[in-house]
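Here is my note for your first read-through. Keep the viewer open and check each point as you go.

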Amino acid sequence: PFISYLVLSGGDPMYSALDCIDFLDKLNINLPIWIYSGFTLEEILKDNSMSLLLDKCDVITDGPFKQELRDITLKFRGSSNQNIYKKIDGCWILDV
């Protein structure tokens, strides 16, 4: 009851997309999945294996961290070039 999301992060999960898919299938949980990636949403959607992993997710924080754009006032991201998208009815919507 104290867990709200499963978060995939650190060492970009998109580099191991197929392994992450296998892990999630074996884990078989009923939690929303939040993924952090240095790739942009557009880049992910162009790659078959990354897109398959994204299909299993509900929220994504995308884009590389950029020190020169660091902003500690932002929630759930480190630099202003990063975006948060939520999947609503199968479509990725920018969360502002």
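1. Ile 88 stands opposite Cys 91 in β5. The strands β4 and β5 run antiparallel and are joined by 4 bridges. Strands here are DSSP runs (E, at least two residues), and helices are runs of H or I with at least four; both are numbered from the N terminus. Two strands pair if DSSP finds at least two bridges between them.

2. A word on the source. This is a predicted model: local features need pLDDT of at least 70, side-chain atom pairs count only at pLDDT 80 or more, and totals for chains, interfaces and linings use all residues. Residues are numbered from 1 along each chain as its sequence is written, and side-chain values use heavy atoms, with hydrogens and water left out.

3. Now the whole sheet. It is open, has 5 strands in the order β1-β2-β3-β4-β5, and its pairing is mixed. β1 and β5 (91-94) are the edge strands, each pairing on one side only.

4. Which residues have the most contacts inside the largest nonpolar core? They are Met 14, Ile 35, Ile 44, Leu 53, Leu 54, Ile 60 and Trp 92, in a core of 19 residues. Such a core is a set of buried Ala, Val, Leu, Ile, Met, Phe, Trp, Tyr and Cys residues joined through side-chain atoms within 4.5 Å. Buried means under 20% relative accessible area, exposed over 50%, and partly exposed in between (1.4 Å probe, protein chains only). The largest share of this core, 4 residues, comes from α1.

5. Look at the aromatic rings. The structure holds 4 aromatic pairs. Rings of Phe, Tyr and Trp (its six-membered ring) pair if their centres lie within 6.5 Å; planes under 30 degrees apart are stacked, over 60 edge-to-face, the rest tilted. Tyr 5 and Trp 34 have ring centres 5.5 Å apart and planes at 75°, so this pair is edge-to-face. Tyr 5 is partly exposed at 35% relative accessible area, whereas Trp 34 is buried at 9%. Ring pairs link Tyr 5, Trp 34, Tyr 36 and Phe 76 into a cluster.

6. Finally, Ser 79. It lies in the loop between β3 (59-62) and β4 (83-88). Is Ser 79 buried or exposed? Its relative accessibility is 0%, so Ser 79 counts as buried. Its contacts (heavy atoms within 4.5 Å) include Pro 64, Phe 65 and Leu 74, not counting residues up to four places away in sequence.
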